[in-house]
Amino acid sequence: MTPAAGDTVTGRVSVIIPTFNRAVLVAEALASLEKLRWKDVEVILVDDGSTDDTEAVIANIRSGGFRWPLEYIWQPNAGPAAARNAGRRLACGEFLYHLDSDDLVAPAAFDELIAAMLRAGTTYAVGIVEDTDREGARSADQPFSSHHIVPGDILASNWYTHAAIYRREVIDRIDGYNEALRTGEDTEMHWRIMATAGWPALHQGLVAARRFHDFGQLGKKDQTRSEQLHAIVQVYEHFFEACPEHFCTGQNVFRLLNMGMQSGLIRDLETKGRCHSMLVRMAGMGASLPAVHLLSLMLKPDSVTYYQGLVRVWHALRTIRRQIRPEAPKAMQTSDERLSHKTPAVQAQKDPL
């Protein structure tokens, strides 16, 4: 559906905010919502077991005449997935938007995202999020973050939680976030959305800021390499269970092989074994992947020396591949382009978790 010139698009947007021990930051997040141009908004704030003065801060904001209807609920700490799902159950809006309590939304975000969605005829849209420090200054390490969408490769595609707005049925259809996950729960839900609702409309303007700080976290952030690999593989497993037909691809075979090798290299045999088990399952699910069983055998041994050699071979083959098919140079984006909202260059992304 493409709106005609002069058409006015309406509909309530339910903003769902989980928080944990971020009394100061959540007040700033709510202040950014008061500047929205969209005319119909409700806010559901789910306190995931805070022990600071978050409740008192919210009470002061509500008594001070907050612009939008604001629902506050407290629950024992259960993680960001459970908090966001609790908020969705209370939401009344036609559209859903997830905002983390430490981040900020741009005034025109909802207007622009919904317009992009309608122009493209999709049921959700994704925009650009800027990385900043606690005070709002651009991050020196990663000053600009683009959505990273690779058509045809769901596991290579992802976006920040507050980069997207959805028609409510998109989230209801998949029953929201997977509460078994404390890390990567947003990535896993985004993958299920792409598997069930197709690809998003892409909006090339700034819609929000992601702030880096030392305040409370809903999920575990300081992880060892073993914990990181375990978390990634766990997300793979849950997506595999939910959407096996979308998981069984050639790209994912090699992702599992790589995760298994990395796990074997650091003696994390449990995670390595789980990668092997998924490869075995994939081999049994499709004749279109005849080499999967052979590749799964590469993850059978438990010797660290074996994986050291396997990783060396892996990197050597990747080097040869790059020499045969060199990557195209990446374009650079100037600050003038950023400020004028010109289409940003898509930067290389870190692991989707």
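Tyr307 is buried, at 0%. Residues count from 1 along each chain as its sequence is written. The model is predicted, so local features need pLDDT of at least 70 and side-chain atom pairs 80 or more, while totals for chains, interfaces and linings use all residues; side-chain values use heavy atoms, without hydrogens or water.

## Aromatic pairs

The structure contains 10 aromatic pairs (ring centres of Phe, Tyr or the six-membered ring of Trp within 6.5 Å; planes under 30 degrees apart are stacked, over 60 edge-to-face, the rest tilted). One of them joins Phe254 and Trp314 in a tilted arrangement, 6.4 Å centre to centre with 45° between the planes. This pair links distant parts of the chain: Phe254 lies in helix H9, Trp314 in helix H12 (residues 304-324), and 60 residues separate them (helices are DSSP runs of H or I, at least four residues; strands are runs of E, at least two; both are numbered from the N terminus). Phe254 is partly exposed, at 45%. Trp314 is buried, at 17%. Tyr306 and Tyr307 also pair, edge-to-face, with centres 4.9 Å apart and planes at 80°.

Ring pairs also tie Trp191, Tyr236, Phe239, Phe240 and Phe247 into a cluster. Two arginines sit over rings. The charged end of Arg281 is 4.4 Å from the ring centre of Phe240 (NZ of Lys or CZ of Arg within 6 Å of the centre and within 35 degrees of the ring normal). Arg84 lies over the face of Tyr177, at 5.0 Å from the ring centre.

Buried residues in H7 are Leu229, Ala231, Ile232, Val233, Val235, Tyr236, Phe239 and Phe240. Their cover includes helices H6 (185-197), H8 (244-247), H9 (250-265) and H10 (269-283).

Lys272 belongs to helix H10. Lys272 is buried, at 3% relative accessibility. Beyond four places in sequence, Lys272 contacts Gly260, Ser263, Gly264, Leu299, Lys300, Pro301, Asp302 and Tyr307 (heavy atoms within 4.5 Å).

## The sheet

Eight strands make an open sheet with mixed pairing, in the order E3-E2-E1-E4-E7-E6-E8-E5 (two strands pair if DSSP finds at least two bridges between them). E3 (70-74) and E5 are the edge strands, each pairing on one side only. Strand E2 (residues 41-47) runs parallel to E3 over 5 bridges. Ile44 stands opposite Glu71 in E3. Helix H2 (residues 54-63) packs on the sheet, touching E1 (13-19), E2 and E3, and its direction makes about 165° with that of E3 (axes are lines fitted to C-alpha atoms, for helices over the stretch in contact; angles run from 0 to 180 degrees between N-to-C directions). H6 packs on the sheet too, touching E4 (95-98), E6 and E7 (164-167), with its direction at about 155° to that of E6.

Strand E8 (residues 201-211) is mostly covered, with 8 of its 11 residues buried. E8 pairs in the parallel sense with E6 (residues 124-132) over 7 bridges, and Ile128 has Leu206 in E8 as its bridge partner. E5 (residues 104-105) pairs with E8 in the antiparallel sense over 2 bridges. There, Leu104 is partnered by Ala209 in E8.

Notes: Buried means under 20% relative accessible area, exposed over 50%, partly exposed in between (1.4 Å probe, protein chains only).
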